[in-house]
Amino acid sequence: MKIGIPLETRPGETRVASTPEAVKKLTGKGLEILVESGAGTRAGYPDAAYAEAGAQITDRAGAYDVDILLRVRRPDADDVAAMRPGGIFIGLLESCGEDAIVGSMIEKGVRVLAMERMPRTSRAQSMDALSSQSNIAGYRATLEAAARYGRFFPMMMTSAGSAKPARVVILGVGVAGLQAIATARRLGADVYAYDVRPETRDQILSLGAKPIDLDLGESGAGEGGYAKELSDEAKARQQAALADELAKAHVIITTALIPCRPAPVLIGEDVVKRMRPGSVIVDLAAANGGNCPLTRPDEIVERHGISIVGFTNYPSMVAADASAFYGRNLLNLLDIMIEKGESGPKLKDLAADDITAAMLMPS
């Protein structure tokens with residue numbers, strides 16, 4: 001059974017779908033791994049390391065002519081054309097509703113497993129790529145905020161005087177938000193956090209941050225641990241109640257997302273105008289419209305003396321570890337997909353397992 005690891009071609013993408021460490025484990029199971037030359041270079045994994053782990057270094061065509069294709073990001077039309085009919089694609093598709101690329105893969109006979117459709121169960125936890133990559137995004141976004149904020153994060157006491165700690169507000173307490181809280185606390189900031197789901201309050205306190213409590217008249221808790229969209233009335237109450245807290249912040253890191261919906265607006269321009277000049281907003285929801293309407297994807301804009309950072313791919317800024325985490329997610333997934341057969345590794349029935357059945361598209 002052949003598994004392919006191609007070079008990611010999306011602009012700015014530096015991750016790779018598997019690392020030499022993961023490849024060594026896969027080849028140990030009798031699988032044949034084909035790695036496109038240069039696939040791991042930008043993440044710090046040279047061809048020689050893959051070859052030493054037992055992989056075959058090949059060209060693009062060789063990496064795509066496989067039984068199972070592993071990718072980080074969604075393919076384009078040229079990628080689909082290079083895929084083997086009857087094969088399997090596994091990757092983050094970033095897909096909602098009808099998707100022409102997914103449709104073209106299915107039409108070609110390629111079975112599509114979307115990593116973002118991984119069920120949120122304890123059994124699937126080790127395969128949850130959204131969580132592993134969001135964790136990294138929360139960490140790296142906090143470092144971005146600290147670097148762009150023109151003052152100290154921690155309290156500093158020196159012979160030249162003292163400086164108060166930065167007041168950091170985290171909006172959205174999912175995986176990325178929790179890591180942002182933890183990282184900002186480690187940097188010594190005074191951290192506050194808010195989420196529409198009441199169950200996150202204890203998590204905020206456990207990390208040493210202060211929860212922002214608002215009475216919206218309804219809960220934002222949705223299914224599977226995700227937030228749900230609030231009513232228009234609750235959104236209005238939320239923005240009004242949050243405004244004073246946000247205006248006092250020196251750094252705001254927003255992570256509020258609702259799957260397959262535009263990002264909720266949490267920081268209006270009126271709030272930005274009230275913030276202290278030199279403050280920073282890092283908007284992790286930039287790719288989905290942003291939690292601040294002034295955010296521009298993959299840009300840093302200056303408005304009313306405030307820096308608004310809209311980078312959309314923080315994991316690629318920590319490519320080596322992000323690739324290692326993602327590679328382990330895929331390795332654990334392949335463990336439940338492939339079993340030993342009389343003549344070598346063989347694929348199990350994907351529809352018979354609750355994890356792979358949930359990932360299969362369309363479903």
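The structure described here is a predicted model. V271 belongs to helix α10, which spans residues 269–274.

Leaving out residues up to four places away in sequence, V271 touches A243, L246 and A247. P11 lies 260 residues from V271 along the chain, and the C-alpha atoms of these two residues are separated by 33 Å.

## The nonpolar cores

The largest nonpolar core comprises 41 residues. Within this core, I33, I68, I90, M115, L333, L334 and M337 touch the most other members. At least two residues of the core come from each of the strands β1 (2–5), β2 (32–36), β4 (68–70) and β5 (88–91), and likewise from each of the helices α1 (20–28), α11 (319–337) and α12 (354–359). The greatest contribution is that of α11, which provides nine residues. In soluble globular proteins, nonpolar side chains tend to be buried together.

The surroundings of M115 may be listed in detail. When neighbours within four places in sequence are set aside, M115 is in contact with I90, G91, L92, M127, A129, Y326, N329, L330, L333 and M359.

Two aromatic pairs are present in the structure. In the pair formed by Y149 and F153, the ring centres are 6.2 Å apart and the planes meet at 65 degrees, so the arrangement is edge-to-face; the cut-off for that class is an angle over 60 degrees. Y149 and F153 are both buried.

The model contains one cavity of 30 Å³ or more. The space in the largest cavity amounts to about 50 Å³. Its lining is made up of Y64, V66, D67, I68, L69, M83, R84, G87, I88 and V110. One of these lining residues, I68, is also named among the members of the largest nonpolar core that touch the most other members.

Conventions:
Residues are numbered from 1 along each chain as its sequence is written. This is a predicted model: local features need pLDDT of at least 70, side-chain atom pairs count only at pLDDT 80 or more; totals for chains, interfaces and linings use all residues. Side-chain values use heavy atoms; hydrogens and water are left out. A nonpolar core is a set of buried Ala, Val, Leu, Ile, Met, Phe, Trp, Tyr and Cys residues joined through side-chain atoms within 4.5 Å. Buried means under 20% relative accessible area, exposed over 50%, partly exposed in between (1.4 Å probe, protein chains only). Helices (H or I, at least four residues) and strands (E, at least two) are DSSP runs, numbered from the N terminus. Contact means heavy atoms within 4.5 Å. Rings of Phe, Tyr and Trp (its six-membered ring) pair if their centres lie within 6.5 Å; planes under 30 degrees apart count as stacked, over 60 as edge-to-face and the rest as tilted. On a 1 Å grid over the protein atoms alone, a cavity is a set of points where a 1.4 Å probe fits but cannot get out, and a pocket is an open set with protein on both sides within 12 Å along at least five of seven lines; lining residues have an atom within 4 Å of a point. Grid points are joined across faces, edges and corners, and a volume is the space filled by probe spheres set on the points.
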